[in-house]
Amino acid sequence: MPKCLVCDHPIEPFISFGRMPIANGFLSPEQFASEYFFELKTAFCPECTMVQLTEFVDREKMFHENYAFFSSTSTRMATHFKGFADWVSAAYLKEKDPFVCEIGSNDGIMLQNFAQKGVRHLGIEPSANVAEVARRKGIQTICEFFDEKVARDIVAKHGQADAFLGANCMCHIPYIHSVAAGIKILLKPRGVLAFEDPYIGDIVRKTSYDQIYDEHAFYFSVSSVNNLFGRHGLEVIDVLPQEVHGGSMRYVLSHRGAYAITEAV
């Protein structure tokens, strides 16, 4: 029986979609015979409430120099991310010379809003082709998979961050504990983590089974996010439902005790 990626409790799959290929694997005809497949199954952890895949594709197979998705092709998402950036700036960038980081920053669709205002920023994007597009726009970007080591390197070079952002990215990362530990290191004492991903409540309510695919390792709820990041001294302080991607939730977290927890949580 597989074990939960968050708490190591035994979990049992509740649905299987059978053998599936990589969603963004656009192959040439000569590659068809060797196409990669994996078993697409989801499970619920009764201990920490996380919904998750039970088999994972190697990250290098999904995020690489030929990654197919460029966020800026969507004008709807460009408008959404401008609103996200404006909200972060108004609510949490209170100190002089703030510093903002984003995990999975893609082609800079969110960070461009900070760059245009002269705000110090850094994108962490593992797919080389989209990272290069962001750099050509003048957006500071490193091509890395974020973890504790990368967090320490960023702090050494740039200092701690006022805000660490993510959009449709955090749910992609099976090695989530190393990411959470890195965020803990990177955030200032009053810094915040704000990320949004498809919300399990909307997935269930709308029967949005198309949200379940190789890149989505986790399907978050408020309780599962709190249980996950609570293991690293962070807590959910606010939640804001979003309409994008068929129903998402924006989770706002801080170091434990740094902010009052809102009634929404």
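These numbered points comment on a predicted model.

1. Cysteines. The whole structure has 0 disulfides. C4 shows why: its sulfur is 3.5 Å from the closest cysteine sulfur, in C48, and that is too far for a bond. The cut-off for a disulfide is 2.5 Å between the sulfur atoms. C45 is in no disulfide either; its nearest cysteine sulfur, that of C7, is 3.5 Å away. Both residues are shielded. C4 counts as buried at 4% relative accessibility, and C45 counts as buried at 0%.

2. The largest nonpolar core. This core has 44 residues. Which members touch the most others? They are F146, F164, M170, I183, F220 and F229. Helix α6, residues 176–186, gives the most to this core, with 5 residues. As background, nonpolar side chains tend to be buried together in soluble globular proteins.

3. F164 and its surroundings. Look at F164 with its neighbours within four places in sequence set aside. Its contacts are then C101, I103, I124, F146, I183, L186, L187, V192, L193 and A194.

4. A second core. A separate core of 25 residues is also present. Its members include M77, A194, I237 and V252. A194 is also in contact with F164.

5. Strand β3, residues 51–53, pairs with β9 in the antiparallel sense over 2 bridges. Here V51 stands opposite Y219 in β9.

6. Positive phi values. Most residues other than glycine have a negative phi. Two aspartates deserve a look. D8 has a phi near 70°, a positive value in a residue other than glycine. D8 sits in the segment before β1 (12–21). Its relative accessible area is 48%, so D8 is partly exposed. D97 has a phi near 50°, also positive in a residue other than glycine. D97 lies in the loop between α2 (75–92) and β4 (99–103). With a relative accessible area of 45%, D97 is partly exposed.

7. The structure holds 9 salt bridges. In one of them, K82 meets D86, with the closest N and O atoms 2.8 Å apart. K82 and D86 are 4 residues apart in helix α2, so about one helical turn separates them. K82 is partly exposed at 42% relative accessible area, and D86 is partly exposed at 27%. The side chain of D86 also forms a salt bridge with K117, at 3.1 Å from N to O. D86 lies in helix α2, while K117 lies in the loop between α3 (112–115) and β5 (120–124). The pair therefore ties together parts that are 31 residues apart in sequence.

8. D202 pairs with R205, and their closest N and O atoms are 2.8 Å apart. Both residues lie in helix α7 (residues 200–205), 3 residues apart, about one turn of the helix. R205 is exposed, at 59%. Elsewhere, shared partners join K82, D86 and K117 into one salt-bridge network.

Technical notes
Residues numbered from 1 in each chain as written. Predicted model: local features only at pLDDT ≥ 70, side-chain atom pairs only at ≥ 80, totals over all residues. Heavy atoms only, no water. Buried < 20%, exposed > 50% of the residue type's maximum accessible area, 1.4 Å probe, protein only. Core = buried A, V, L, I, M, F, W, Y, C linked by side-chain atoms within 4.5 Å. Contact = heavy atoms within 4.5 Å. Pairing = 2+ DSSP bridges. Salt bridge = Lys/Arg side-chain N within 4 Å of Asp/Glu carboxyl O.
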